[in-house]
Amino acid sequence: MVEVFAVASGKGGTGKTTSTVALGMALSDRYDVTVVDADTGMANLLFHAGLSDAETTLHDVLADEAPVEAATYDRFGLTVVPCGTSLDGFRDADPDRLRDVVAALAEDTDIILLDSPPALDSRTSVLPIVLADRIVVVLQPTIPAISDGLKVQEYATTYDTDVAGLLFNKVRESESIEQVSEKTERYFDGPTLAAVPESERAREARRAGRPLLAHAPECEAATAYRAAAESLTVRDGAAADAADRFQSAVIPESL
Amino acid sequence: MKLPHGRLDKSRVVTDPRDTLADVLDRELTGYAVFESQETLLLDGEGRGVMTFTDGVPVLVYHTGTDRGGPPALADLAVPGPYHVSLYTLDAADLESAHEAADLRVPPGMPAERLGGDPALADSTRRAAPDERLSAMGDGDATAPDDGTADQSAVEAFLDDAEKIEAIKQQARSEARERAQEWDF
């Protein structure tokens with residue numbers, strides 16, 4: 001069984017990486033989870049997972065200088081594939097190899113979470129959404145974030161990728177999140193998985209280079225992430241053809 | 001909304017209205033900005049959004065296409081960029097009578113929060129706002145002007161505009177289809 005989720009948002013600053021790692025850790029109670037930093041131009045998963053010293057990263061794999069196994073690390077109950085932060089690494093990386101990376105990882109895990117770039121303006125930034133089975137859209141309850149989230153959804157569904165759900169993040173008490181999420185759901189193809197409150201704990205965790213669920217597992221935000229993971233129904237993919245599936249992931253012919 | 005003609009300070013195309021709000025706050029501009037969406041496919045793209053400022057802090061918002069003011073006008077302004085933005089300066093005294101229009105007022109931090117999507121910029125804007133503007137309107141988050149005519153937040157007003165959202169979605173779909181060929185997926 002494998003299902004690939006792209007954790008996506010149209011805009012930066014929504015807490016996408018924090019959300020990817022937190023969802024991954026919450027799902028790892030029930031599943032074998034692999035988290036990949038697919039934001040190859042602005043990587044930061046490594047800083048969230050205590051891997052800032054990682055010697056081999058996705059950049060090396062995408063540059064065909066290392067096998068994917070060399071860039072996988074076991075941290076916090078997850079398999080983590082961090083990406084490097086150097087410009088040279090980005091320049092030498094061939095984004096198309098991401099297909100092969102996903103296909104290789106798919107053979108040996110239940111869930112792959114792709115931390116995706118917060119943009120839709122290039123082939124590289126859209127590829128994770130194309131490769132994924134479904135997307136989790138990370139939103140803030142603001143007009144630009146929702147409007148960009150809608151665009152992400154339309155790109156995804158145009159490319160035959162479904163919507164697993166919405167995750168409202170950094171929600172402040174003053175924001176009437178129930179009404180906003182109810183109205184937002186009218187326009188999205190997936191339900192609200194959770195509303196995660198703005199959290200000082202999340203900032204602390206990021207500064208400490210630890211995932212939120214390891215740093216403050218009992219805080220309100222961590223609890224919300226666990227609820228999100230709980231409400232995410234993972235679909236049984238066809239394990240046998242997983243590799244084929246991702247190697248041939250292309251835009252539907254109807255386009 | 002009637003405003004005296006200001007002196008043109010800057011006229012440029014921006015992709016994110018946040019940049020304009022940050023620039024105006026940095027320079028403590030008193031005057032107004034006219035936002036015009038470059039996206040003519042969208043219905044509301046036909047109108048223009050006008051926002052006034054005192055010392056860089058937003059005061060009034062009005063949309064010429066929908067004839068709405070205050071927080072709902074922020075929702076009208078929220079169409080995909082880029083925008084053509086013109087900034088005009090005025091003397092504070094010239095804005096006084098326009099600024100009496102309570103139904104067009106927005107809380108100081110709301111444009112940065114709702115239009116710019118930047119809570120940190122909203123905080124800086126609130127810090128720059130005079131105390132009476134904060135106390136008159138709560139802390140400036142989702143609350144609308146005191147008269148209660150528009151107590152719906154700008155986000156909810158945006159979400160109530162099904163037609164505009166459908167237009168945003170349609171535009172994204174056609175972009176996605178065009179780019180699929182360009183990117184050779």
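Colleague: Which residues lie nearest the centre of the largest pocket, and how many residues line the largest pocket?

Modeller: This is a predicted model, in which local features need pLDDT of at least 70 and side-chain atom pairs count only at pLDDT 80 or more, while totals for chains, interfaces and linings use all residues. Residues are numbered from 1 along each chain as its sequence is written, chains are lettered from A and ligands numbered from 1 in the order in which they are written, and side-chain values use heavy atoms, with hydrogens and water left out. On a 1 Å grid over the protein atoms alone, a pocket is an open set of points with protein on both sides within 12 Å along at least five of seven lines; a cavity is a set of points where a 1.4 Å probe fits but cannot get out; lining residues have an atom within 4 Å of a point. Here 27 residues line the largest pocket, and A:Asp148, A:Lys151, B:Thr15, B:Pro80 and B:Gly81 lie nearest its centre.

Colleague: What is the volume of the largest pocket, and which element gives the largest share of its lining?

Modeller: A volume is the space filled by probe spheres set on the grid points, which are joined across faces, edges and corners. For the largest pocket it is about 710 Å³. Helices (H or I, at least four residues) and strands (E, at least two) are DSSP runs, numbered from the N terminus. The largest share of the lining, six residues, comes from α7(A), and α7 of chain A and α8 of chain B each supply at least two residues. Counting Ala, Val, Leu, Ile, Met, Phe, Trp, Tyr, Cys and Pro as nonpolar, Asp, Glu, Lys and Arg as charged, and the others, Gly among them, as polar, the lining has 15 nonpolar, five polar and seven charged residues.

Colleague: How is the contact between α7(A) and α8(B) described, and at what angle do their axes cross?

Modeller: Two packed helices are described by the angle between their axes and the distance between the axes. Axes are lines fitted to C-alpha atoms, for helices over the stretch in contact, and angles run from 0 to 180 degrees between N-to-C directions. The axes of α7 (residues 143-158) of chain A and α8 (residues 162-182) of chain B come within 8 Å and cross at roughly 45°. Angles under 35 degrees count as roughly parallel, over 145 as roughly antiparallel, 65 to 115 as roughly perpendicular and the rest as oblique; α7(A) and α8(B) are therefore oblique to each other. Contact means heavy atoms within 4.5 Å. Residues of α7(A), including A:Ser147, A:Leu150 and A:Lys151, meet residues of α8(B), including B:Ile165, B:Ile168 and B:Arg173. The residues of this contact divide into six nonpolar, three polar and seven charged.

Colleague: Is the crossing of α7(A) and α8(B) left-handed or right-handed?

Modeller: A crossing is left-handed if the near helix is turned anticlockwise from the far one by less than a right angle, and right-handed if clockwise. The crossing of α7(A) and α8(B) is right-handed.

Colleague: How do α1(B) and α5(B) lie to each other?

Modeller: The axes of α1 (residues 17-26) and α5 (residues 119-128) of chain B come within 11 Å and cross at roughly 30°; these helices are therefore roughly parallel to each other. Their crossing is left-handed. B:Arg18, B:Leu21, B:Ala22 and B:Leu25 meet B:Leu121, B:Ser124, B:Thr125 and B:Ala128, a contact of five nonpolar, two polar and one charged residues.

Colleague: How many cavities of 30 Å³ or more does the structure hold, and which residues line the largest cavity?

Modeller: The structure holds five such cavities. The largest cavity has a volume of about 50 Å³, and A:Ala38, A:Thr40, A:Leu62, A:Pro95, A:Leu98, A:Thr124, A:Leu127 and A:Pro128 line it. Helix α6 (residues 123-131) of chain A gives the largest share of this lining, three residues. The lining of the largest cavity divides into six nonpolar, two polar and no charged residues.
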